[in-house]
Structure formats: C-alpha cells, structure tokens
Amino acid sequence: MDISLQVQSLQVQSLQVQSLQVQSLQVQNVSDIKIKSLKEAPIHLSSQIQPYGILLILEEPELNVLQVSNNTLNVFGISPENMVQKKLEDLIDPFQFERIKSGLLDQNLNFINPTKLWIKKKGDEYTVFDAVFHRNSEGFLILELEPAISQENIPFLSFYHLARASINRLENTKNLREFCQIIVQEVRKVTGFDRVMLYKFDDDGHGSVIAEEKIDELESYLGLHYPESDIPKPARKLFIDNSIRLIPDTNIEPVIIFPVDNPVTNRPVDLTNSILRSPAPCHIEYLHNMGVGASLTISLIKDQKLWGLIACHHKTPKYVSYELRKACEFLGRVIFSEISAREETEDYDYRMNLTYIQSLLVEYMSQEDNFIDGLVKNQPNLLDLTSATGAAVCFGGNYTLIGETPREEELNFLVEWLKNNIEDEVFYTDSLANIYPDAISFKNVASGLLAIPISQRNYVLWFRPEVIQTVNWGGDPNQAYEVNQTQGNLHLCPRKSFELWKETVRLTSLPWQYVEIKAALELRKAIVNIVLRQADELAQLAHDLERSNAELKKFAYVASHDLQEPLNQVANYVQLLEMRYEAALDEDAKEFINFAVEGVSLMQTLIDDVLAYSKVDTQAITFQVTEVETALEKALSNLRKRISETGATITHDPLPTVMADSIQIMQLFLNLIGNAIKFRSHEPPEIHIGAERLEDEWLFSVRDNGIGIDPQFSDRIFVIFQRLHTRDEYPGTGMGLAICKKIIECHRGRIWVESQLGQGATFYFTIPAGGRDRERRNGRNTQNNLFS
C-alpha cells in the first residue's frame, strides 16, 4: 500500500477514536446532568399521598373542592369524580362549617388547627377525623384528614407532666452528649418506636448519629457518619418547612390525587407543608434497605438552618396519632432550645477567653508604631486568638511569621491564589489541599487555613497541621447511591449496605470553630481601623515634613544669599588693609590677614555648596530627555585643568539617554570624578564610568584607583558635612557626596560605594529607565494599593 494512503488511513482511524471519545464524554456529561437533576428534583410538587389519610385541595372563598385523593370512595362512599363537584359545606355539619369559615378569615391557621371534623358519608352517617388546614405557596387551601383514634385530644395536664418529666431529667445533666441521649430515651418512651436516633449535620453537609436508644436486637448506628447525599437539598428544605414527618407504613402503595394536575395551574400541586405527602420512591427504598417499616422524623432547626433530626424507626408498620406527633414536635422544640443553650454554654468560657485575647491584641497594636509588632511580640499573641500552630501577616509585600508556617515562597503563591479566588471578609477550610492542590507540599504545617484580608493585597493567615483521623461510615460513602436505567430513564437507588465502613481521612486539620472565625473577623475590623488611623497620621506627618522642608530650603537659600555680601566686604576690607598698611605690618600680621582671607574663601565655598544642596529638589521638577554622555563631557570640561595637572586618564562605556535633569547629572559626575582625582594614590588617577541596563533601571558606576575607603564608613560619607580627612590633608567642605545622594534620590534612584583601603573605590548609582514620571505613577500606585 502507498505510504500516503497508510497515513490517511491512520488519520481517519485517529479521527474516529477522537469522535468516540467526544461521544463518550458527551454521554458522561449528559448522565451527570441527569443524575444531578434527579438529586435536586422538586419533590414538594407531588400527585400522590400516603393512604392513611385523605387530602382535599380547596379554592377560596367558596371552598370548592378542586382536587381530592383517590381513596374517598372507600372512606366516604363518594367517588373522586363526584367529590370535585362539591363544596366543603356539602361534606360537614353546617355548624362546623360556619366555625371553620370564620376561622379561615384569620391569617394564622394555628387557631383552628387541629380540629375534629365530622365528615358525612354516603347517607346520614358521619365519621370523625383529625383535620388540619394550611395554605400552600400557590394560595390554595389544603385540608388533610386523618381518622381520629380517640374522640378527645390529649389533655393539657397529661402533656405538661410528660414534658415536665423529660425536662427535669435534662436539667440534671451537664454534658451535651448525655443531654442528647436523654432526648432519644424520652422520645422513644413517648412513641414506642424500636429505634430513636439524634442525627446532627456537620458543616460539610454530612451527618452523624450522636445519640441512640433502641431495642437490643437492632444493630447500633451510634457514632456512624452518613454522606450528604442521604438527605439531598430538596429533602433538607422540606425538613425545615415541615418540621414533623410520619411514614406509618413503608410498604403501602401511595394514593393518586384526582385530577393529577391542578385544574387552575395545570401542574401538580405544591405539598411542601403536607403531612400526607407521599415520600419519594428513593427514600422508601432507602428505608427498606435499612429494614424500616415505619418512621417518624422531627426537625431540629437553629438560626433558620437544619441543625439535625430526631429519627424514629420501627421494624413494622406503626401509626402515631396527630396529637401525639404534635406533642413530640413540641417536646423536640423545647428540648432543642436547651441543646442550643448548652452548646452556647460550652462555648461561653472559650468565647470569653478569645474576647479577652482580642482586646489585649488591640491594645498592643495601638501602643506599637507598627501594628504587626503588637500581634506577634507579646503574650498572648496572634496564635492564641484561634488556637493555631502558625500564623503569617502579609503586609506591604513583607511577611511576619510566627509558629510553624509554610515558607515565604509558598506563602507568595498562596496569597496570590487568595487574591484571585476569595472575595469574602473571612476564608476558612480544614482541608486546604482539596481546593488548593499546592498545599499538599506543606500539609504538615498548613492543612487548615483561616484567612482575613486587611486589603486587596494584605492578609493575616492562621495555619493548622494535618491530623489523620478514622471516620466510621454507615456504608461506603463513595457508593452512596446507584444509578439504574429502565427503558431509557435513569433512577437513583440508595445503597443496600449500611455496614460499618472505616475511612482514613488525610490532608485535614482540626476544624475551625465558629467562635474562632468570629474572633478573626473582629480582629480584622480592629486592624483595618488601626491601619487607616496610622495612614492618616503618616499622611499628616508627611504633609508637615513637606511644609517644614520647604521652609528650611527657603531659609537656606535666603540665608546663604544674604551671607555672601558681608563676606565679600570682609574679604575686600582685609585685603585693602593689607595693601594700605603693608609697610607697617610685621610677618605675624600678614599671616593673620592670610588666615582671615582663607577663612572667608572657605566660608564662601560652604555657602555655595549649601545653595547647591538646597536647590536640588526645586530643580528636580524639570526632567527632560538627557544624554548622559553630554552631561559627562560638560563635567570633564570643568575639570580639564585638574585632569591635566594630575595626568588623570578617564574612560567610559557607551552611555544611554535617560529622563533626568541634565545640570544635576553634570554636577553628579563633577563631584564623583572630582573626588576620584582628589583622593588619588601615588599613581596617576585612572577613572572609568560604566553603564549597564537592568530590568527597569540603569546602573552607572564610577571606578577609580585611589586611596580607597574603609567599608565601615561607606554610609557616613554621604551625610552632609561629614569628612574622613582633615582640610589640611584634603581640602573641601564635606558636601559633595551629600549633594550626589540628594540628586540621585530626587531621580528615584540609589547610590552606594564599594571599596577597600588602598584598593580604590567604585561608586554605583541607579536611574530608572522610564524616568521620573513613571516613578511618580508607581509611587502613587503603591500608596493606593494599600487599601485598594
């Protein structure tokens, strides 16, 4: 076969494989979407109820029957088709109807719920029902009827003694776990279920059994964890909306509502608050897999969230009357209020301690010039606020570390990730590696992270190390459900095994407690306030310094200028005195006159240098494109006499063009090269000017072969009026290098020296490649980014 044909064949095969892969991915994606859709299906919209009661959908104000459960023929002797043609007043005693209609005018239906209703059967016979009214989200009135077991409600006194006995036992317990155990014991005593569990949800959505009371023959579920998928989001919402739920028989077929769709809305009715609503098939299968014949569930709600459940299971069918269910619901609410109080009491001491630590940290920060010192230098410190093992303060691009932390390089990437992904006032996780994979490399110090942003670029971070744990699950959480396909339709099926399944959890720290997170948030507020206050103080100080510097510069300029005239007069009159009375002066007098003239000359030189120094800032605002080589040539022209006298050799690299003040650059070279000539060794001066382009600046150097400088004086020589030699050795004012330093600082650069005694010296200075305007913008950005 031709080689080209073989290649084409291979290409076709490759495209076919790619097509199959794409199709496979598409099928997988479609399946994932369908599974997600099944898990989040709106189970509150239903067309079925449990058969132990009867449901009527009524339209107000006439109370016409729009829909009815399909079991009315067996109970009332009236077919569903005939029921939907009636009104409520056709079914109940007229006196009761007027009382019910009056009660429905009140928005709070609790005043009439529950009530005993005598429903007329076919003929004149009446049957007594426990009746409950409620309105759904669509505005329809729903009436639910359950056969009344007794003609009378549970007497209040009996219920009071029931609740009082339970609460008396609870008051004598101090431990929260024991408290929960008493709850399940009391509920089981009241209801008679085979098993009663208290099931608590964790922050990540999964739940665990923290208390259990059961008959001996049942396997214990105490301490087992259950995945979040066991109670999906739609079911959790219903548990919040409808706090008590009874399934008296998990094996009885549900009853269909007639008609299936509401004739007004043309869709299934909203049964969110319905007692009789039929459970989802997946939930029934789940109960069957656990061997449950009947269940009663009481919701425990805290701060509008589902804190947990009291779950009652029975091996065989078991009906619980409406009165007893409401008694259990009330008991659950009363008891749970005690649970909430106990949780807060257990947190109280710890919360008070954190509040005390927080107040001390705020006090320490207020006393320090740098607020970070207040967080890390005292006891207690930043670690104590959250019981962390390590902490880092990232501020202004610098890190202050305390305890066990990742390396600074790792923190740089972590902070960058936080800036790009986290927008909240606080971020916390006990498994950082699950959302930030790079954290695996430092899991031993930072598997847990708590972070608060001080600004867009600044953070306070707390760390906790990995704690390897063993979690006991009720069945494999990785196989919490199965997906079956029947005639092209997907069905979720719960797992069949609830046997103990142990999992070793890694890359996880101890969880952050709510009080610790709240303490971190409060500290954030205090830090932001202190930083803002310090920024205001620094801004005011900078303003005051700027004004003071301006006044000093003006004073120096005026004073120096005004001193010139009297000095000139002194010099002139002393020289005139010498000429007029030369014959009368002896040698000492002539020497004294020379001293006076030299002093005046030195004073004039000092004044000239002070004037030059004071003018540096005012001239720096006129930066222009400057050829450095031209400025160097002007400086060398001014030094040509000294260069000729000393035999100096001066070379230079190709020099760039920069944004600068040409006069100041010339003065810079004049001073540096002049010093190199002045402080020469016994050999003729050899001076080289170098230039090198760095990332965003030019690096210049002036290298000589002179007497050199002791490194311990490398900073001192740039201070105004500082000298390393006497004027007899080397004349001068000590102002030259100070002027050089000020010139370079005005150009937003740096200047320094590298030297050893007897080995010459090299002076380095930098000038930004983009010029002063770019540096000004960068300077503003740096200030703005502090609180951007």
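Reader: What is the phi of the residue that follows α6?
Author: This is a predicted model, where local features need pLDDT of at least 70, side-chain atom pairs count only at pLDDT 80 or more, and totals for chains, interfaces and linings use all residues. Residues are numbered from 1 along each chain as its sequence is written, and side-chain values use heavy atoms, leaving out hydrogens and water. Helices (H or I, at least four residues) and strands (E, at least two) are DSSP runs numbered from the N terminus. Gly192 follows α6, and its phi is positive, near 80 degrees.

Reader: Is Leu331 buried or exposed?
Author: Buried means under 20% relative accessible area, exposed over 50%, and partly exposed in between (1.4 Å probe, protein chains only). Leu331 lies in helix α9 (residues 322–367). Because its relative accessible area is 2%, Leu331 is buried.

Reader: What is the C-alpha distance between Leu331 and Ile183?
Author: Ile183 is one of the buried residues of α6. In sequence, Leu331 and Ile183 are 148 residues apart. In space, their C-alpha atoms are separated by 9.1 Å.

Reader: Met579 has 61% relative accessibility; is it buried or exposed?
Author: Met579 is found in helix α15 (residues 514–580). With 61% relative accessibility, Met579 counts as exposed.
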